[in-house]
Amino acid sequence: MKKMKTSRTWMWIALMMILVLVAGCASPQTPTAAPQEPTAPAVEAPKTPEESEVPEATEEVVSEPPAEVKPPEGVEQVLRINFRIPAGGVDPVVEQADAGFQMMSAVYDRLVVVNSKMELVPQLADSWDVSPDAKTWTFHLHPGVKFHDGTTLDAEAVKHSISRVLDPANASLYASTLTMVDSIEVIDPLTVRFNLSYPFAAFVRSLALPGAMITCPQEVEKWGKDFVQHGCGSGPFYIDKFVPGEGMEVVRFDDYWRGPAKLDRIVYTFISDEQARVSALIAGDTDFETNIPGPMLPLVESNPDLTIERGPAMMVEYIGFNTTDPIFSDKLVRQAVAYSIDMETLIKNVMGGVGVHASQPISPLAFGYDPSLKPIPYDPAKATELLKQAGWSDTNGDKVMDKNGESLTTKFCIMSIPQMVQFAQGVQAYMRDVGIDAQIESLDWGTYLDAAQSGNCPIFEIGEGANTGDADYILWSQFHSSMIPASNWTRYNSRTYDELMVQQRQEVDPDKRLELLNQSVRLLMEDMPWVPTWVRENLQAHKSYVKGYVQGPSTTYMDLYPVYIGK
């Protein structure tokens with residue numbers, strides 16, 4: 001029989017909204033000034049106050065299948081897994097696609113990771129400690145770790161890797177999460193120290209972001225800018241072949257420090273068309289599909305050979321505006337777009353009911369989520385009134401608003417994925433009903449990224465997630481003015497917002513920091529550089545003979561180390 005693994009997602013999310021309110025109500029373990037870590041709500045159970053304090057290493061490993069679980073003899077241990085969006089390369093410092101980071105999770109390790117329960121757990125760092133003023137963080141590395149080229153992963157390698165993130169020449173999207181790092185010291189081969197300019201409660205969680213994967217210094221120096229096509233880490237698999245836009249193959253690294261993985265090889269493919277990728281899974285051309293379109297869920301559910309993985313995700317989809325565009329520089333127009341869209345209907349009819357209407361840029365799973373905010377309702381009358389307040393009216397009766405002789409006509413950029421194009425068409429129709437004429441421009445992934453980042457898209461749609469469980473990454477990288485245009489594609493520039501973000505980073509009290517984050521979110525929902533559309537669900541499916549996989553909310557981490565083929 002077909003099996004379904006699901007987590008009663010949205011009942012669970014409702015519980016998490018409550019848990020966010022109490023996520024930081026802890027007292028310090030020691031009488032120091034160390035910031036209390038605002039731990040994200042746990043996936044399966046709320047944390048106790050003691051678990052919400054300054055993060056310390058736990059004894060839990062990232063994933064460890066029971067020793068007695070062994071793949072059946074004579075069964076080829078090759079996993080074929082598909083993503084709908086291709087990876088731009090295999091260098092985590094410069095990659096932008098979540099699919100790329102999920103793939104690279106098999107190739108690279110991090111000092112720490114956030115596991116499937118959104119718990120912070122050690123990976124390369126066996127333990128860490130923090131100074132009384134919380135500005136010095138010392139990490140103790142696991143001994144005997146080797147990169148795929150045979151060289152040793154030591155403190156120098158960690159310093160080299162994180163320094164690449166901080167180097168402006170690399171324009172890493174993740175540099176913004178580590179701006180408080182003043183210096184990195186190598187104490188001894190297995191000890192590395194981070195000196196911060198100010199205490200930052202989410203610092204350790206920032207090291208779980210994919211940009212902080214540890215890369216091999218020797219291979220980086222060997223390949224230079226071409227490292228993006230080669231890659232080299234210390235993970236359970238090494239890269240055998242990478243073809244941009246087509247796929248990647250990785251092979252088991254037998255000298256992996258946690259022991260060899262179960263799989264011999266993983267073959268990653270990129271098929272974007274919804275029907276084609278689901279058909280490939282059903283036909284057995286692939287074993288695992290990472291993104292099942294909601295409308296095709298009944299077809300997958302009816303197949304007895306497939307197991308469905310369904311659970312909450314950190315990603316929030318959104319419609320973004322270039323706030324320097326002559327039309328969308330006016331927040332009244334941006335607000336009008338938000339009220340013009342019947343998002344509930346689009347989620348039901350285009351997304352197949354997978355996902356829930358978002359109330360803000362932050363997932364309910366993240367510290368910083370504000371449960372007092374409600375999704376923007378469908379209210380075309382209010383949208384029309386807001387446009388009139390902004391000076392727009394239909395003076396010539398063509399059903400398109402105009403002002404000073406210029407019509408309210410704009411461009412809407414979307415990825416050339418059929419479901420997303422259909423979504424854009426629905427949004428286009430709703431905007432047209434209130435007098436906004438949006439012309440859709442469908443672009444391939446690479447062209448789309450370039451267009452949105454360069455400011456050539458007045459309106460665009462994409463998703464982003466607070467994958468560490470802390471809102472800081474999203475709120476800083478997507479909206480702080482210092483991130484224009486690297487990751488702040490809306491070009492949102494607010495001195496008040498910037499000041500709030502600096503204050504929350506430097507606040508050590510979790511309750512006060514939560515309030516600052518909530519103030520930031522409320523300001524965003526007033527200024528509306530984004531229209532949050534829906535909170536994604538992780539909806540995946542694989543052949544039932546794929547064993548050992550545990551799904552998590554992160555869209556940038558995928559643990560295939562314990563997976564094996566059991567048929």
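**Figure 1. Ser172 and the backbone of Val93.** In this predicted model, a polar atom of the Ser172 side chain lies 2.8 Å from the backbone oxygen of Val93. Ser172 sits in the loop between α3 and β7; helices (H or I, at least four residues) and strands (E, at least two) are DSSP runs, numbered from the N terminus. Ser172 has 5% relative accessibility and therefore counts as buried (buried is under 20% relative accessible area, exposed over 50%, partly exposed in between, with a 1.4 Å probe and protein chains only). Leaving aside neighbours within four places in sequence, Ser172 is in contact with Val93 and Val165, where contact means heavy atoms within 4.5 Å.

Residues are numbered from 1 along each chain as its sequence is written, and side-chain values use heavy atoms, with hydrogens and water left out. Because the model is predicted, local features need pLDDT of at least 70 and side-chain atom pairs count only at pLDDT 80 or more, while totals for chains, interfaces and linings use all residues.

**Figure 2. Helix α3 and what covers it.** Helix α3 (residues 155-166) has twelve residues. From its first C-alpha to its last, α3 reaches 17 Å, close to the 16 Å expected at 1.5 Å a residue; the expected span is 1.5 Å times one less than the number of residues. At the N-terminal end, Asp154 caps α3, with a side-chain oxygen 3.2 Å from the backbone nitrogen of Glu156. The buried residues of α3 are Ala155, Ala157, Val158, Ser161, Ile162, Arg164 and Val165. An α-helix has 3.6 residues a turn, so residues three or four places apart point the same way. The cover over the buried residues of α3 includes strands β6 (136-141), β7 (181-188) and β8 (191-196), and helix α5 (217-223).

**Figure 3. The disulfide of Cys413 and Cys457.** A search of the whole structure finds one disulfide, a pair of cysteine sulfur atoms within 2.5 Å. The sulfur atoms of Cys413 and Cys457 are 2.2 Å apart. The pair links distant parts of the chain: Cys413 is in strand β17 (residues 409-415), and Cys457, 44 residues apart from it, is in the loop between α12 (445-453) and β19 (459-465). The torsion about the S-S bond is about -95 degrees, so this disulfide is left-handed. Both Cys413 and Cys457 are buried.

**Figure 4. Cys216 and Cys232, a pair without a bond.** The closest cysteine sulfur to that of Cys216 is in Cys232, 4.2 Å away, which is too far for a bond. Cys232 is in no disulfide. Cys216 counts as buried because its relative accessibility is 0%, and Cys232 counts as buried because its relative accessibility is 6%.

**Figure 5. Thr307 in strand β13.** Thr307 is found in strand β13 (residues 306-321) and is buried, with a relative accessible area of 5%. The side chain of Thr307 makes a polar contact of 3.1 Å with the side chain of Ser544. Thr307 and Val546 are 239 residues apart in sequence, but their C-alpha atoms are 8.7 Å apart in space.

Notes: A polar contact is a pair of N or O atoms within 3.5 Å; within protein, one must be able to donate a hydrogen and the other to accept it, and residues adjacent in sequence count only if both atoms are side-chain atoms.
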